[in-house]
Amino acid sequence: MTAKVPVVGVGMVPFAKPSASLPYDQLGAMATRAALTDAGLDYTQVEQAYVGHVYGDSTSGQAALYAVGLSGIPIVNVNNNCATGSTALFLARQAIASGAAECVLALGFEQMQRGALGAQFTDRPNPLERFQATMEGLQGAAPGTPVAAQYFGGAARRHMQEYGTRADTFGRIAVKARSHAARNPLAVFREPITLEEVMASPTVFDPMTRLQCCPPTCGAAAAILCSEAFARKHGLDARVTIAAQAMTTDRADSFDSGDMRRLIGFDMTRAAAQRVYEQASVGPEDLDVIELHDCFTANELLSYEALGLVPEGGGEKMVLDGDNTYGGRWVVNPSGGLLSKGHPLGATGLAQCAELVWQLRGTAEQRQVAGARLALQHNLGLGGACVVTLYQATDGAP
């Protein structure tokens, strides 16, 4: 398989609250057109499409793309919980790298409802039943509390117990997210907040307060991938490539370790990151900018450790030293992340992709990380799936 796959076009629509959003089909079509325009391509040149969405009927991908064109190409609908968007990206890259196609679209969108996430079907097994039983065995149940907050709040508690991590350390991550989002016109929540405001907001599941939980949002994002030969033939901007990528699912330790951190994907993240570093012969110290899955502040801190940025237990020091923002060792979530940019489940992975492509092109404007050449993306879904992607900037004019 080809080692590097160019990302020649990206597009994203502004994320919005459910009460202010367009329907999913319009969002998807808009993001696709934006990516095609960015690439300088016509939809008729796309040979395959992988479309991610979680809360949508079958063939919602066709409904969105038929508004762009009726070219008869394969359109594959993808649903992998919060890792849906990057799963679509994974499949698109695989199609290019294997030689199955020369030009592929990855699209993700979501039209979400207000309120906490919940099961859509009550007449069949819930795919998270094993996770739920494990969680309840470790920390009991909290009826009336959003389930996702129980998972990630429980992981935060475990980290606090083992390493003495302070509750306000997690709160500092929310403050950082807002400060980054203030520079992002596509983000939902752009108003700065203070640590005092974060900690005084209502507790959802201790230690997670409301301002440490990502909001339900709607949106769409897309990416165009192609072969290096296709890029040369059509004179496309191929300066940003996917240099390595890995996707993982749960192993026995997720359920047998007695550790809430493992249940919410710590080991999936670590395994995927290690594969990516090995594929590209780089280490976390080589990275310049990172977009990671901060659905809760707890998961951002845990992901620092799972991605190998710091040793286990080193997440708090990284936050307190400012090594997760401008002027520090890495800039993490310059977009504002899920916490402030928003988290439309199917779109998140492609929005992360768009942000990192802009960063490596040097076109991220006020969010630009100076001299960014190597970028890492981390997208996680309970149930479970994790995709880690490494992007590299190469020399050469568009």
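Because the model is predicted, local features need pLDDT of at least 70 and side-chain atom pairs count only at pLDDT 80 or more, whereas totals for chains, interfaces and linings use all residues. Residues are numbered from 1 along each chain as its sequence is written, and side-chain values use heavy atoms, with hydrogens and water left out.

The chain contains 15 helices and 12 strands; helices (H or I, at least four residues) and strands (E, at least two) are DSSP runs, numbered from the N terminus. The radius of gyration of the chain is 20 Å, close to the 21 Å that the globule rule gives for 398 residues, so the chain is as compact as a globular protein of that length. This radius is taken over C-alpha atoms, and the rule is 2.2 Å times the number of residues to the power 0.38. Along its principal axes, the C-alpha trace spans about 55 × 50 × 40 Å.

Of the 398 residues in the chain, 58% are buried (buried means under 20% relative accessible area, exposed over 50%, and partly exposed in between, with a 1.4 Å probe and protein chains only). Among contacts in the chain with a separation of 6 or more, 78% are between residues 24 or more positions apart; a contact means heavy atoms within 4.5 Å.

Helix α3 covers residues 84–97. At 1.5 Å a residue, its 14 residues should span 20 Å, and its end C-alpha atoms are 20 Å apart, which agrees. The expected span of a helix is 1.5 Å times one less than its number of residues. In α3, 12 of the 14 residues are buried, so the helix is largely enclosed by the rest of the structure. The buried residues of α3 include T84, L89, F90, R93 and I96. After α3 comes G99, whose phi is positive, near 85°.

G164 is partly exposed, with a relative accessible area of 48%. Residues up to four places away in sequence aside, G164 touches H159 and E316. G164 and E316 are 152 residues apart in sequence, yet their C-alpha atoms are 9.3 Å apart in space.

Buried residues in α6 include F170, I173, K176, R178 and H180.
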